[in-house]
Each structure stands twice: as C-alpha cells, then as structure tokens.
Amino acid sequence: MERVGGILLFCVAGGLVTGQTRADDPTLETVTVVGRQINLVGDAVSASEGLVGQKEIELRPLLRTGEVLELVPGMVVTQHSGTGKANQYFLRGFNLDHGTDFSTTIDDMPVNMRTHGHGQGYTDLNFLIPETVSHLAYKKGAYYADVGDFSGAGSAQITTNSALERGTVEGTLGEDAYSRLLIMNSMPLAGGETLFALEGNRYNGPWSDIKEDLDKLNLLLKHTIPLSKGRVSIALMAYDNSWNSADQIPSRAVDQGLINELGSIDNTVGGESSRYSLNTNWQFGGWQGSAYVVDYSLNLLSNFTHFLDDESNGDQFEQVDDRTIYGGQLSYLAENTLAGRAMSNRFGVELRVDDIGEVGLYHTQARERLGVIRSDQVKESSVGFYWENRMAWTDKLRSVLGLRSDYYDFDVNDKAGINANGIDLGPNSGSADDNLTSVKGSLIYTFDNEWESYLSAGQGFHSNDARGTTIQVDPSDGSPVGSVDPLVRSLGYEIGVRGFITDQLNTSLSLWALEVDSELLFVGDAGNTEASRASKRSGIEVTAYYHLTEQWSLDVEYAYTNAEFTDPAPEGVEIPGAINNVLQAGLNADFANGWFGSLRTRYFGGRPLIEDGSVKSDPSTVLNLRAGYNFANWTIKADILNLTDSNDHDIDYFYASRLASETSGMETEDIHYHVIEPRTIRLSVGYQF
C-alpha cells in the first residue's frame, strides 16, 4: 500500500484500486476500481485472473442478479427453474450445476452451500444488490493458495462498496409485471462511513400458465471506520424471497401440443428462501481478518419426472435446508528481501462450521407433504491453513509457490427414522473426516511493461455432501449403498500470456488442462447430483478488451473446451452438459454528453446430454441491449433483454419421465428444457443526490 498526497494506491487480487480523500472527511477515501483498464502485468499470478469494476457492471444489462458472474470470461449463467432459485453455471467444460467446482465469496463470506438440500456447492446470489458491488476479482484454475473448496474450475471474490459518491433512488418497470425499487446512499457517522442499500423486486414472468409472483427484498447496511494503517467494517445483509417456478419441461409435451414452450406440467412448484448475515472485515498493516455468521433457509418444490415414480400423486418433491454458518479467516503478509531480491510470505488460516438443523427431502403433492424421503441434522466443520511465497529472482523472472492443508469433519444424524418408503434410515447416521494437502505454483516471466507470460500448476478439491460420506442404506429401496470420498482431488495446469498495450488493449491467452478424480452429475428424478467417474478437460481461452476511444470500447471473450471421462465405460466417455464453445462480446459506449449504452451477445454451443454423445443440445444465442442518458442528477435507461426474441434454450437435460396421459408403467427418455425468456423491455429512472 502506498499513499501519494491524498491518493491511496493498493492492489486487490492483482488489480489496481485508487482512492481520493474526501473533502468533507479527510480520514476517509472514496474508492474507485478501474477494473479491466488497468495493467495487471507485474501483479497477476496467471493469465486466467482479472478484475472487474462497478463501471463495467453498470453498463451491462442483466436479466437476473446471478449474471454478474458472466463478467468472468467463459462463464455462462442460465436458469432451469424460478427466478428465486440459484442459477445454473457453466465454465471450462463443467456443468457446475449450482456452483460445484466454482467458489464464490462476498466480502470474504462463502456463498457456496455444502451439504445443501438441492445440490452440493449451491450458489444463490439473489441476496446481492449489483449496484453495491465495488469490484469482482476472478481466478480460474487451482493455482492460488488462499482459495480452497469448490475451486477446481475457479473462483470469484466479490467486494461491496464502503462508501458512495452520491445517493441513488431508482425505479424500474417492465413487461410481465416487473418492478424494482432501489435506494442507496452513504454518509459520515460515528467516526466512519455508513452505507445502506434497499432493494425490492416483484415479477410475474412470461409463463403461460403460472404467475411467478416473485417477491424479493434485500438490505445491505455497512459501517466502515478508518484506522491508521487500515480499516475495519461491519455489515448486515438481509434477504427474503418467495416465488413460483416454471421448471424444465419435456420436449414431447410441446410437440404433442399439451403445453407451449412457456407452459408447465406441474404449476404448483416454487419456493421461498431467506438469508441474514452479520460480518466484519479488518485490515491493519500486514494483517487482514474477517468473521461472519449466516442464518439461511430454503424450501424448494420441484417436479422433474412428473408421474414416473408415483402415478397417482405425482413426483413432486420438497427440498429443505435450514442452517447457521459461522467462521472467518486471518492472514498475515510479511514483505522482506532475500539476497537483495523482493520477497513476500503470506500465512493464512480459515475456519468454517455449517450447523445444519435440517437438510431434507419430502414427497409432496401441490405443496402438501405426503411423507419424508430423508431428513438429517448435519454438522460439517473445516479448517484450512495456507502459505504463499512470492519471490522476484531477477528483474524479469518471479515465482509464486503455495502450500495448503484442509481438514474436514462430518457428523450426520438421521431425523426421519422409518421413511415414507418403509425404510429405516438410522444406519445412515455416522461421522467421517478427511484431509488434503495441496501444492500450487507459478513461474512468471515479464518481457516488458506490456507483456508477461505464465506457467502455472496446482492441486484443488471439492468436498462431497456429508450425507454421502456416511450413507449405508438407499432411501428409495433400502438397498446397500457405498459411501463416497469426503474430498475429491483435482489437478490443473496452464500456460498463458497477458498483454496490456498503450492503455488501449488488454488481452490474454491461456492453454489449460484440469483433471478431476470424480464428477458430480445431475440426476433428474432426485433433483440433485451424484458422484461419477474421473474426468479430464483441456482448452483455450482468449480475451481482448479494446478501448477504441475514450467513448467506445469493445470486449471479446472466447473459450473452447474438450471434456471427457478418463476411464472407458460401455455408456461412453462424453461428459453430459460440457460446453465446447463459449463466445461473449460487447460494444460499449459512454459519451461526455450523457448518452451511454451496451450491446452484448452470448453464444454457447451444443453439448452432449448423455455419455455416448448420441443426444446433444442445440446451441444458444442471446443479445441484450442497454441504452441510457444522464442529465443533471437524473438517469434514464432502457434494457431490451433477448433483443431478437430468441426461443433457444437456457438449459437442456436428457432423462426419463412420464406424463399423466401416458400408459401406466411407461417411461420415456426425452430432452427436458427451459426456454430463454422472450424479449422483454425494462425502463428505469434514477435520481442521484
């Protein structure tokens, strides 16, 4: 960290952040993140990391909050159910389901939910208010010692603002009864700065036979106090949401005219969720720490197979998750020299406890419980230690070496007893533990101030559902079941180059590979995931951010991935849901006369839906447009989402289901899909004060 006059300069995740001392309070800085317009040469560990600032987020039209993660190059964010549910994520040939193998944090709080009612690593970003994001730092690959669970494909660290230059009141109205109100501001208080943001959102959706009836409320209250060599902050976040869902539908139901593409087979599914958190962050000299406590709940009703398992009552099920999470981290950065060369060592420890009162699965009909399939009380604890050394060997060559050790403890207690299928689930209670040590490293060669090359390798991991580590009895039929490994190893490596040319072109190229000891694949009739075979992925990623003039910029991101299982099997070696090609591009404008706008396209290619590759999804393309005008203290903007009114699919699966009209005992394997929402227009008016 360096202070020059009233300017504060420091690095966040390899990115430059600048801050100007406030005139009304000289002890506080208003922080501005420059993002992709800064030169990461000399700071980055690999070609696959970067920084995005609020200015880039402001220009991007978003259909859903979770799409902020599409700022990570190569990331695709979709949805196969209601707006209140966690998004579906794709990156580096992974169908990440709702977050497995991609770690996400907000203000050092983990977002991924382990041993979750709907899916391992469940990442629901609906509690985030996009306008409060200061910056998003992303790191793809497993080369970073300070990133642990769920990080095989990569990670994103989202940081919220501590102060705002001006307050904002913004209202948005759109088609299908869309409405949103945002109020946010910050003010000096009690020797520091207090920021508050309140968001309310309602939406009925475009569906032909349900009203989504989304009712979302978000609150952020954050107080930051400067210290002589750092700062401390404490923040409260509150989120409450309820919705009805339009789940994925079988293709044959549309082909037969039973429903249209915006219809539903079961129009009684949906959910409600809440999240309340209190966290503190502290930075003083080389020390940095955080602590948090999160109260979280979810009740999610789904029906993916319709009448396959229960021809009388249907296959609707409710997934329950009710937990408290608490933990924190502490690190120390020591900067010194070795033989006259700059060297730093960073030491860190992380602690997390998930105290899960209930994680359960119930058979339901029209949201009424018919019986319990499985219900457990789980306590999952982990502690991680890491060390990272950075050494400048010459003016051109530097190295980064990391060592990480993680220990996990699982304690599962059955609450169901004899379930609705007449099976005693008591034997599924038990405990397990596991540990892993991971080694990570990079060699970086700097050609000049504009070009740098990287050679990186690292071990990563994801944890498995605690229930899978102690299971002995299948809840559906009582048959013996083998437990899974608590922790699953991954190994990644890449070679890359980064260029930053005359402050106009920021570009990177990386060739990468990743090996995973075990996959997690979606299971349609259970609505969650199960462990599968080992796999390997390799690919190429290219990014280019070109600032044509001060007003115009162009960004292009392309990713190609080859993915397959590494052990041969009769069913085939292709990985269902692994996207080969992803292309995102945007043309952005921001004029001094007040006009601004962005036209963006996202393409993701066809992908296999079963292991032999005989069934594939079609590719999908969507265009979004934002145009706006700033004048005096007012901002008017219009978003046209799905500009071409494409009816491509957000998601495709292939599995067996049965419709009520089909023959008893019949099951049909079919593509089940969720269509992209039709073209919609949203108009916003904002006032800054």
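This is a predicted model: local features need pLDDT of at least 70, side-chain atom pairs count only at pLDDT 80 or more; totals for chains, interfaces and linings use all residues.
At least two residues of the patch come from each of β31 (535–547), β32 (552–565) and β33 (581–590). The largest share, five residues, belongs to β32. Strands (E, at least two residues) and helices (H or I, at least four residues) are DSSP runs, numbered from the N terminus. Val542 sits in strand β31 and is partly exposed, at a relative accessible area of 33%. Partly exposed lies between buried (under 20% relative accessible area) and exposed (over 50%), with a 1.4 Å probe and protein chains only.

## How the model was read

Residues are numbered from 1 along each chain as its sequence is written. Local features need pLDDT of at least 70 and side-chain atom pairs count only at pLDDT 80 or more, while totals for chains, interfaces and linings use all residues; side-chain values use heavy atoms, with hydrogens and water left out.

## A three-stranded sheet

An open sheet is formed by three strands in the order β6-β7-β8, with antiparallel pairing. β6 (76–78) and β8 (94–95) are the edges and have a single partner strand each, so one side of each is left without a neighbour in the sheet. Two strands pair if DSSP finds at least two bridges between them. Strand β7 (residues 88–91) is joined to β6 by three bridges, and Val77 stands opposite Tyr89 in β7.

## Two hairpins

Strand β13 (residues 168–174) runs antiparallel to strand β14 (residues 178–189), and seven bridges join them. Gly174 stands opposite Tyr178 in β14. Three residues lie between the strands of this hairpin, where Asp176 takes a positive phi near 60°.

β14 is also joined to strand β15 (residues 192–203), by 11 bridges in an antiparallel arrangement. Here Ile183 has Leu198 in β15 as its bridge partner. The hairpin of β14 and β15 has two residues between the strands, and Ala190 takes a positive phi near 50°.

## Salt bridges

The structure holds 37 salt bridges. A salt bridge is a side-chain nitrogen of Lys or Arg within 4 Å of a carboxyl oxygen of Asp or Glu. One of them joins the side chains of Arg64 and Glu677 (3.9 Å, N to O). These two are 613 residues apart: Arg64 is in the loop between α1 (54–58) and β6, and Glu677 is in the loop between β38 (668–675) and β39 (680–688). Arg64 is buried at 8% relative accessibility, and Glu677 is buried at 6%.

Asp555 and Arg600 also meet in a salt bridge (2.9 Å, N to O). Asp555 is in strand β32 and Arg600 in strand β34 (residues 595–604), so the pair ties together parts 45 residues apart in sequence. Asp555 counts as buried at 5% relative accessibility, and Arg600 counts as buried at 8%.
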